Amino acid sequence: VKMYEILRWMFDKFTKIRYNKKIKKKGRECVLSIYFGMAAFLCAGSLLWKQTSPLQGEFLEKNRKQLQNLFLMTAALIFIFVATFRYGIGYDYFNYENLYEQLGPLSIQQLVTDHVGREFIGYSIFTHLCWELGLSYRMLLFVVNIILTAIVFWFLKRYSPLPWLGAYLYLALQFFAHSMNLFRQSIAATICLLAFPFLKKRKLILFVLVVLLASAFHISALFLLPFYWILNWKVDGRIYGVIAAISLPIYLFSTQAAQFLTHYLFQNYAGYIGSHYWAGLGKRYVIFPAIYFAAVWFFRKRLLDQDEKNRILINSSFYVLILYVFSTHHMILERFSIYLFMYAMVLLPKLVCTFCQTSEVEKADKKRVKSVSKRTKNTHNQKKKEMVFLASVLVVTISFGYLIFASQQGTNGFHKVYPYVSVWTEQ
């Protein structure tokens with residue numbers, strides 16, 4: 001009981017809302033301490049990675065790997081805890097609670113024939129299994145959040161040179177908020193991260209199988225299929241120009257294009273045409289994707305020198321921008337960007353680390369000059385480290401600005417998860 005009271009007190013302190021009549025926007029000021037605290041903790045992890053840490057010492061060098069793993073495990077547990085013990089935030093929170101009670105008791109045979117259950121058969125079977133195990137809706141959230149967080153942190157650990165920064169971007173770029181709002185689609189998008197190694201290694205059948213699994217949770221995952229080829233195209237401004245030119249008439253006649261697509265491919269989205277979700281987002285939503293693509297494009301040569309297969313990530317940033325431009329006509333299209341935007345958790349840390357890699361000019365100089373003084377080497381390495389630190393600070397700052405921006409949109413932020421509300425806050 002004491003532990004329960006302590007947890008309740010902690011969450012009440014972190015999630016309180018101050019009302020201020022002087023503030024014109026919605027008449028209130030939200031204290032976002034939960035998210036700010038998570039952001040601060042994740043940034044503190046930078047001290048454990050050699051590229052971004054000013055700390056040195058025998059203990060740190062000897063135990064760096066263990067400390068990094070401990071940090072990532074702690075960060076993952078925080079994400080799971082916060083997402084599991086939320087209450088009533090996210091547009092679909094109560095919808096999925098009702099859906100769990102509706103689909104859970106049905107047998108597999110009934111789910112296959114039920115018009116709702118078969119629409120997303122993978123999620124229906126998953127919820128049925130959880131129901132059979134006697135799990136409550138809260139425990140369903142717990143299981144889902146363990147799966148989502150495990151996949152995200154596997155992705156970061158394997159592909160990001162700075163996993164702490166990738167985890168920070170998971171929070172700041174709204175992927176974590178997305179997981180607490182668009183429940184099924186977040187499961188689908190996260191499953192699609194498992195297809196990334198097959199995208200890199202050009203293993204089409206395995207890539208398709210993973211995407212098909214994801215589509216059993218949310219049909220929009222099929223959107224990723226053509227990107228198996230598109231993302232592997234050469235990074236070329238002329239290709240981007242052609243795509244932009246083709247996109248322009250589609251953008252201008254987007255309603256007609258959507259009617260065509262929903263008639264043949266995404267029939268489930270036909271009902272959105274003409275609805276509230278068919279309205280456009282403000283043009284301000286394009287600002288961050290534009291900055292993101294501009295930075296990636298400007299340093300594309302560094303990224304390609306780092307790894308030729310980074311073309312996949314570079315190309316993804318361009319199509320994220322295109323999708324956000326289209327979302328200024330129809331907000332529903334922003335949902336499709338999640339399948340490509342999540343690659344930013346790897347791409348931006350890779351971009352930061354390009355500042356510590358050896359350039360082609362430096363490689364040539366090393367061949368010409370065999371003996372370089374140790375002091376000169378240390379000075380040069382120190383300058384590289386400072387550049388990496390400044391680049392990471394810049395990424396953190398701009399991303400934090402995006403977090404603030406998203407939290408101020410609408411009544412409760414972009415995904416209706418601001419401010420955070422816990423199960424204890426409601427009791």
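**Close-up views of a predicted model**

**View 1. Pro419 sits in the loop between helix H22 (374-407) and helix H23 (423-426).** Helices here are DSSP runs of H or I with at least four residues, and strands are runs of E with at least two, numbered from the N terminus. A cis peptide bond joins Tyr418 to Pro419, with omega about 0 degrees. This is a predicted model, in which local features need pLDDT of at least 70 and side-chain atom pairs pLDDT 80 or more, while totals for chains, interfaces and linings use all residues. Residues are numbered from 1 along each chain as its sequence is written, and side-chain values use heavy atoms, leaving out hydrogens and water.

**View 2. Gln174 has a positive phi of about 80 degrees, although it is not a glycine.** Look for Gln174 in the loop between helix H8 (163-172) and helix H9 (175-179). Gln174 counts as buried, at 3% relative accessibility. Buried means under 20% relative accessible area, exposed over 50%, and partly exposed in between (1.4 Å probe, protein chains only).

**View 3. Arg202 is a residue other than glycine with a positive phi, near 60 degrees.** The loop between helix H11 (196-200) and helix H12 (204-215) holds Arg202. With 42% relative accessibility, Arg202 is partly exposed.

**View 4. Helix H7 (residues 137-159) is the place of Arg158.** Arg158 is partly exposed, its relative accessible area being 45%.

**The whole protein, for orientation.** You will find 23 helices and 2 strands in the protein. Of its 427 residues, 49% count as buried.
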